[in-house]
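Q: Could you help me learn to read the features of a structure that is new to me?

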Amino acid sequence: MTELIIRELREVGIMLMCGMSVMFVLNTRAQIVKQLNIKGRLEVFFYIGSWICASFIFSEFIYSACYGKVTWYGLIAFALGIGLWKKLLCDIIYKSVSLNKREKKDKRYEKEKKI
């Protein structure tokens, strides 16, 4: 493989991870707000803060991928990383968390029923 192909494949891989990392930050914010039941100004603060973190991550990944030059295949890889997070990883994490909550609720119900 030529040096150009290797460099472009590296860029695609980095941007794929960038999309997944940005979605990790945004989903973590959503889970924190949901779990702690945050409302009002603090929720807006978390929302703005998560987007600042996501934009910082995006800029750092762009710089490390191709020294700040945005390419069409880099943006496609970024979008695929977002889709990969949504379809594969986010569903697995969400299901495992919700299963643990259901199991705990079922155990509490059984304890209350025995008493």
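**Aromatic pairs and the core**

A: Tyrosine 47 and tryptophan 51 sit four residues apart in helix α2, so about one helical turn separates them; helices here (H or I, at least four residues) and strands (E, at least two) are DSSP runs numbered from the N terminus. This is a predicted model, in which local features need pLDDT of at least 70 and side-chain atom pairs count only at pLDDT 80 or more, while totals for chains, interfaces and linings use all residues. Residues are numbered from 1 along each chain as its sequence is written, and side-chain values use heavy atoms, with hydrogens and water left out.

Q: How is an aromatic pair described, and what is the count of aromatic pairs here?
A: A pair of aromatic rings is described by the distance of the centres and the angle of the planes. Rings of Phe, Tyr and Trp (its six-membered ring) pair if their centres lie within 6.5 Å, and planes under 30 degrees apart count as stacked, over 60 as edge-to-face and the rest as tilted. By this rule the count comes to four aromatic pairs. One of them joins tyrosine 47 and tryptophan 51, which are edge-to-face at 6.5 Å centre to centre with 65° between the planes.

Q: Is tyrosine 47 buried, partly exposed or exposed?
A: Buried means under 20% relative accessible area, exposed over 50%, and partly exposed in between (1.4 Å probe, protein chains only). Tyrosine 47 has a relative accessible area of 42% and is therefore partly exposed, and tryptophan 51, at 42%, also counts as partly exposed.

Q: Which parts does the pair of phenylalanine 58 and phenylalanine 78 tie together?
A: The ring centres of phenylalanine 58 and phenylalanine 78 are 4.9 Å apart and their planes stand at 65°, so this pair is edge-to-face. Because phenylalanine 58 lies in helix α2 and phenylalanine 78 in helix α3, the pair ties together parts that are 20 residues apart in sequence. Phenylalanine 58 is partly exposed at 25% relative accessibility, whereas phenylalanine 78 is buried at 16%.

Q: How many residues does the largest nonpolar core have?
A: A nonpolar core is a set of buried Ala, Val, Leu, Ile, Met, Phe, Trp, Tyr and Cys residues joined through side-chain atoms within 4.5 Å. The largest one has 16 residues, and those with the most contacts inside it include Met15, Leu26 and Phe78. At least two residues of this core come from each of α1 (3–36), α2 (41–66) and α3 (72–114), and the largest share, eight residues, is supplied by α1.
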